[in-house]
Amino acid sequence: MEMNEKLLSLVADIYDAALDDSRWSATLGSIVNLAGGQSGGLVRIGPAGEPVISHAVGVDPAYIQSYIETYEPFDPSRAVLHAPVGQIQTIRDWIDVDEFRSTLFYNEWTRPQGLEDAANILLDKSTDGISRLSIMKAGGPVDRRMYQVISHLTPHVQRAMLVRQKLQQQDAFETTSVRTLDALRTAVLLLDAEGRITHFNASARDMLDAAEILRSVHGRLVTSDLNADRVLRQALAATVLGDRAMTSASISLHLTARDGSHYVGHLLPLTAGRRQRFGASYDACAVLFVSKAALDTSVAPDLIRKLFKLTPTELRVFLSIVEIGGVPDVARSMGIAETTIKTHLARIFIKTGTKRQADLVRLVAAFTSPIKV
């Protein structure tokens, strides 16, 4: 195979490695061989100093360990971190040959391996981290052939590092997004125009498994409420057809489960503004949020009690009003006279700055965490 063909083949390998880190060792070995080197190293350091990609070929693991633990501060090629990005630098660019051969680094680390020189390239340097490639040579200095091969490949390795960096950022964003969605109490489902589910969070999975309000039939979302199901289909179709009334605003749905409990759904089209980019990532045209039409009073009470300085009895009355309703029902439930309930309620109104029972319901809703605990 001629040199040009070998270079083209290796360029393809470099971009393959950008998509699969496990390919870097073999690709780095091919770069070293084609350049006529003895060993090589590829390092990618993230913004926090963490190694993102770190590969070495042709170097005994014991020498790698001693370099990290002892000799790295004495390596003159560290100066590449201050060199222009993409420029090939050799040992001779930083230190005289005779002076280099008198150093501890040369005599204890480089010379025992038979190495004489190295081509070093700073591939990338930014707030997102640094990338560095080193090809080490035995038997003499970096020659014209090695320089030409590395010059040809350097731009491609740089782009490969950039591609990998972007992919890792995307992976990190998607991982964080998935974890955030899974922490929500509200069920979140991404739907395409046919009602097929393209993604869902943990709460939605639980709801689908229960099959009381939502079900997946061959990957297609079906609700137990026929009227809501019809409205949902129409809304999804309208988002694709470009109905302006359906492409920006949220659409509310009232859903009734098989056991008679009530749920509230909000369908938000992903066909306008920045939503389009999010939806395109999942082949979705809309996101459906579904939550039970009930207040969760298990999270807020302690915070409400401390903030509004409620007594234990006042807190019990407060929560009973929210959960049960009117004064007569609360009085029967607690076994307390209605007049006593009214007295406590009047104090609660004063302490919380509210005037009606409905205000107390809204207050609890405002303090309820949307995150599972």
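**Entry 1: the cavity**

I began with the largest cavity, whose lining is made up of Ile91, Arg92, Ile95, Asp96, Val97, Phe100, Arg101, Tyr106 and Glu116. For a cavity I use a 1 Å grid over the protein atoms alone and take a set of points where a 1.4 Å probe fits but cannot get out; lining residues have an atom within 4 Å of a point. This is a predicted model, where local features need pLDDT of at least 70 and side-chain atom pairs count only at pLDDT 80 or more, while totals for chains, interfaces and linings use all residues. Residues are numbered from 1 along each chain as its sequence is written, and side-chain values use heavy atoms, with hydrogens and water left out.

I searched the whole structure and found one cavity of 30 Å³ or more. The largest cavity holds about 40 Å³ of space; a volume here is the space filled by probe spheres set on the points, and grid points are joined across faces, edges and corners. I sorted its lining residues into five nonpolar, no polar and four charged (Ala, Val, Leu, Ile, Met, Phe, Trp, Tyr, Cys and Pro count as nonpolar, Asp, Glu, Lys and Arg as charged, the others, Gly among them, as polar).

**Entry 2: aromatic rings**

Next I looked up aromatic pairs, and the whole structure gave me five. Phe100 and Tyr106 are one of them, edge-to-face, at 5.2 Å centre to centre with 65° between the planes. Rings of Phe, Tyr and Trp (its six-membered ring) pair if their centres lie within 6.5 Å; planes under 30 degrees apart are stacked, over 60 edge-to-face, and the rest tilted. Phe100 counts as buried because its relative accessibility is 4%, and Tyr106 is buried at 5% (buried is under 20% relative accessible area, exposed over 50%, partly exposed in between, with a 1.4 Å probe and protein chains only).

Phe105 and Trp109 make a stacked pair, 5.4 Å centre to centre and 15° between the planes. Both sit in helix α5 (residues 104–110), four residues apart, about one turn of the helix. I take helices as DSSP runs (H or I, at least four residues), numbered from the N terminus. An α-helix has 3.6 residues a turn, so residues three or four places apart point the same way.

**Entry 3: salt bridges**

I counted 10 salt bridges, each a side-chain nitrogen of Lys or Arg within 4 Å of a carboxyl oxygen of Asp or Glu. Lys351 and Glu314 meet in one of them at 2.8 Å, N to O. I noted Lys351 as partly exposed at 33% and Glu314 as buried at 3%.

In helix α12 (residues 327–334), Asp329 and Arg332 lie three residues apart, about one turn, and their side chains form a salt bridge of 2.2 Å, N to O. Asp329 is partly exposed at 36%, whereas Arg332 is exposed at 59%.

**Entry 4: helix α11**

After α11 comes Gly325, with a positive phi near 125°.

Note on methods:
Helices (H or I, at least four residues) and strands (E, at least two) are DSSP runs, numbered from the N terminus. On a 1 Å grid over the protein atoms alone, a cavity is a set of points where a 1.4 Å probe fits but cannot get out, and a pocket is an open set with protein on both sides within 12 Å along at least five of seven lines; lining residues have an atom within 4 Å of a point.
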